[in-house]
Amino acid sequence: MELVGPIFEMAKCMGNIPCIYIDHHRKLEERMNNLQSTLDILNIRKSDVDLRIKVELQWGKVVKEEVEKWLQDVEKINDEVQIVRQKIQVCPYFSRATLSKHVAQKIKEVEKINERGSYPEPLVIDRPLTSGVRLQIGHLEGEISIKEKIWGHLMGDVVGMIGICGMGGIGKTAIMKHINNQLLKVPRFDKVIWVTVSKELNIVKLQRDIASAMNEQLPEHELERVEALMEILEEKRYVLILDDVWVRFSLMEVGIPEPSFQNGSKLVLTSRSIEVCTSMGCEVVKVQPLSKVESRNLFLKNVGHGVLNIPTLEPILNCIIDECAGLPLAIVTIAGSMKGVYDAREWRNALEELRQRVRSVKGTNIEIFEQLKFSYDRLKDSKIQNCFLYCSLYPEDWEIPRNELIKYWIDEGLIHEFGSRQVMCDRGHAILNSLENNCLLERVVNGERVKMHDVLRDMALYIKSTVGSRFMVKAGMQLRELPSEQEWTDDLEKISLMHNFISEIPTSMSPKCPIVSTLFLQSNQSLKEIPGSFFEHMHGLNILDLSFTGIMDLPNSISNLKNLTALLLQGCENLRYLPSLAKLVALKKLDLRDTSIEEIPQGIDKLVNLTYLDVYLKSLEELPTGILPKLSRLQYLVVDWESTTLKLKGEEAGGLKKLETICGRFQELQEFNTYMKSTQGKRLTSYVLAVGQPQGYFWLKSNFVKDVILSECEVGGEAPILLPNDLRCMKICECHNMKSLSDISFFHRNETELRECEVMDCKGIACVLDLLSSPLPCSPLQNLEKLLLSGLDKLFTLVKAQEVATVSTLYAPTSPGIFSRLKSFNIHKCSKIKKLFSIDLLRDLQNLERIEVKSCGLLEEIIASEEEEKRSTDHATMTFCLPKLRELALQQLPRLKMICSKHGVMICDSLSRIEVIKCPKLKRIPLYIPLHDNGQPSPPPSLKEIRIYPKEWLESIEWDHPNAKNVLLALMKYREKHSWQAIRSDI
């Protein structure tokens with residue numbers, strides 16, 4: 001403080017410049033607060049924009065590029081402000097003025113970005129017709145010069161074939177994915193084709209993948225296939241991207257025309273081998289490691305910028321980045337494993353571990369494996385590590401279904417037995433999330449599958465080769481013969497030969513693999529027979545998967561695999577015989593789904609440890625009484641519920657106290673009720689429970705979640721039925737004594753979890769719900785999302801709310817919220833109903849996305865006009881809003897006169913498709929049509945097509961605006977007669 005006075009006196013003598021300097025110096029905190037406030041306002045606007053995008057972004061729409069650029073700028077300025085905050089914490093006293101001036105500049109930048117974020121117009125536009133598939137991409141750090149070089153070759157006329165080379169994990173595929181998506185935005189090419197080739201080149205698969213990308217099919221004969229592919233490609237100007245090529249091949253032998261100036265097409269290869277690219281005549285573009293700055297940026301993006309808030313971490317962090325040697329895959333993987341770690345001691349320890357493992361193999365081919373193994377070791381838990389290694393049993397670049405992988409982990413005992421199968425599945429998902437978060441697996445297909453980077457897969461197999469036991473993995477390698485017996489060594493732990501073309505196993509072959517625990521032979525469809533000697537020396541076998549093979553029977557030697565815990569035979573359509581299973585007392589899982597076995601295998605009653613049994617097969621004639629009670633540990637039981645001969649007994653099924661998933665059919669309602677009584681107090685994870693005679697023609701296919709199917713049952717009145725409290729899908733067919741769903745006590749509740757309901761061919765149904773029959777007001781269908789009514793000859797209204805003298809006036813107010821979440825409504829062949837929705841019922845349909853009405857011979861009105869006229873005595877326009885309706889389909893309705901009254905207008909801002917087929921008396925489509933400032937109509941923005949039949953019907957339509965017809969003509973699509981007949985056959 002003693003220095004302040006003299007400093008000010010000096011400033012007076014020196015003029016204005018020091019004053020400006022001091023002003024900057026003093027205002028640093030104030031400006032920083034202003035910057036934060038301005039940034040907060042910007043981020044609020046960004047949240048609003050994100051929300052608008054979420055609302056506006058529908059199928060066929062894309063976000064405007066200017067909006068995407070603005071969102072990127074917002075992220076960028078947030079990162080820059082974070083860096084400013086960090087600088088303030090360590091800023092020297094005499095640097096405050098400079099930093100304050102920088103903050104003032106940032107305030108102006110934030111304000112400009114905020115001004116740009118005001119978008120009065122929609123944020124999305126119609127998606128342009130793409131010429132390929134848009135690929136899922138992540139952040140791409142650096143590589144600007146490489147991308148520009150590749151792009152220059154693609155846009156130029158000199159180079160036709162480009163080879164992108166570099167070591168595994170360097171970013172070749174990532175670069176080309178970005179370029180693939182960029183190519184979709186330019187009109188230069190007709191088609192952009194992406195095909196992953198992988199290590200084992202399969203010419204036939206390559207040909208078919210290319211043809212598939214062109215929406216074409218190829219003949220089976222080799223020469224015809226080559227010629228056909230050549231002709232397909234010669235018709236287009238294309239870019240063909242072949243990712244991960246390992247060996248040279250002839251373009252002519254595949255059927256790929258050589259790119260030239262004349263045809264304007266391009267071919268891009270990515271490969272680890274420069275020799276492969278040069279030998280094929282490619283212009284080589286070598287991908288170099290990232291620079292130090294780029295490496296640091298990529299590392300921070302994945303580990304989080306929060307580590308910079310701890311000054312002692314930065315030098316360690318820089319050293320770890322150096323050890324990654326500019327390799328993007330190593331940077332991302334190692335950064336992911338350190339995310340959330342802020343202890344400097346743990347960082348120092350990590351650096352030392354990384355240095356030791358890399359130093360020991362410096363300059364060798366496995367250096368990258370040791371870098372990546374660092375992240376594997378940080379998983380700590382050996383079972384999670386083994387779960388990661390297990391993924392390497394799949395073919396290279398395979399998209400692995402999450403649920404399938406978790407089932408294997410459970411079978412292998414890699415997930416601790418918690419008692420509940422559902423808990424184990426949840427644990428499996430948690431492990432997968434951990435592997436994804438550590439960048440060891442990649443999430444694909446909307447999160448339903450995972451993928452292992454080919455370098456990480458190589459690393460996993462390398463890890464197994466360095467320990468006592470190892471994997472033999474030749475999955476998806478197009479093998480036609482089994483590996484020679486010499487390759488089946490005694491140190492093999494797991495063998496994967498899945499997804500090949502193996503057709504036979506030598507009769508004398510008897511591999512000596514005493515410790516092999518897993519054998520995958522699934523999806524070798526040509527494999528017909530397994531010799532008896534094959535399993536003689538595999539006494540340690542736990543998991544045997546022969547699913548989707550052509551085997552007709554199993555050898556008797558299977559009976560001696562006493563350690564077998566899982567026998568998987570799903571999809572073996574030729575399999576008719578199984579030897580005795582009596583000795584396989586360790587067996588926990590038996591999957592016989594879709595085999596041709598006619599009798600339950602002998603000795604199944606001895607499998608006291610069985611927890612999983614799937615016998616969903618059409619050929620099975622009987623499930624003998626007395627077997628299920630002996631399988632008391634069953635958690636999962638699936639029996640074909642569409643079979644006419646297979647039936648469950650209520651008492652037997654009810655005795656399985658550990659059951660979590662059950663699917664099957666009860667012949668009698670009494671048997672079903674007996675089972676339901678046994679389940680009181682516990683919730684099943686999933687079930688499909690059928691009662692009565694099987695029916696195979698339901699419209700809504702089972703999602704295999706929580707379904708009950710009633711068919712030809714006496715339900716209601718003196719025949720009560722007990723339904724699960726958490727029922728999600730209800731299907732009712734030919735239950736003729738029912739008058740409404742309200743005959744079942746389940747529908748007297750105020751709320752249920754029911755999401756889908758299908759009622760078909762029930763001759764007594766007069767209404768869907770009869771609210772008068774319930775002792776208390778209720779809305780049992782307020783969570784319903786799909787409703788299908790078909791073949792209900794007596795149906796005259798959807799909801800009955802009061803007694804009336806005549807059918808035509810039954811439009812009393814319904815219980816509020818009765819269909820408030822309904823998304824899809826289908827009604828077919830209900831010959832008595834005349835008016836579909838009352839105004840009160842329509843009020844609840846704000847989530848409705850699809851209306852389909854077919855073959856209802858007496859239907860006259862969709863929305864009851866009598867009610868409209870009562871409520872609108874001055875003939876003012878009455879609007880009906882269905883904000884989420886996307887599709888309205890009206891077919892074969894000979895008496896339909898109106899959708900709503902002549903004074904009614906439907907406002908459907910999401911409507912994309914209207915279909916009117918054979919509705920001769922309908923004279924008006926009451927769709928709200930927006931007007932320009934000059935009073936002329938314009939098509940509703942969301943509307944894409946109006947399909948009609950016959951074409952002449954269009955001439956009879958009365959339009960609310962004289963120019964409406966001309967505006968909508970471009971959207972009209974006319975059904976041909978043969979097309980209509982095809983539709984008619986389905987209804």
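Student: Which residues do ring pairs link into a cluster?

Tutor: Tyr390, Tyr408 and Phe520. Rings of Phe, Tyr and Trp (its six-membered ring) pair if their centres lie within 6.5 Å. This is a predicted model, where local features need pLDDT of at least 70, side-chain atom pairs count only at pLDDT 80 or more, and totals for chains, interfaces and linings use all residues. Residues are numbered from 1 along each chain as its sequence is written, and side-chain values use heavy atoms, without hydrogens and water.

Student: What makes Trp488 and Phe534 an aromatic pair that is edge-to-face?

Tutor: Planes under 30 degrees apart count as stacked, over 60 as edge-to-face and the rest as tilted. Trp488 and Phe534 have 80 degrees between the planes and 5.7 Å centre to centre, so they meet both cut-offs. Both residues are also buried (under 20% relative accessible area; exposed is over 50%, partly exposed in between; 1.4 Å probe, protein chains only).

Student: Why is Phe746 with Phe747 called edge-to-face?

Tutor: Their planes make 85 degrees, and the centres are 5.2 Å apart.

Student: How do you know that the charged end of Lys589 sits over the ring of Tyr612?

Tutor: The rule asks for NZ of Lys or CZ of Arg within 6 Å of the ring centre and within 35 degrees of the ring normal. Lys589 is 4.3 Å from the centre of the Tyr612 ring. Arg480 lies over the face of Phe501, at 5.2 Å from the ring centre.
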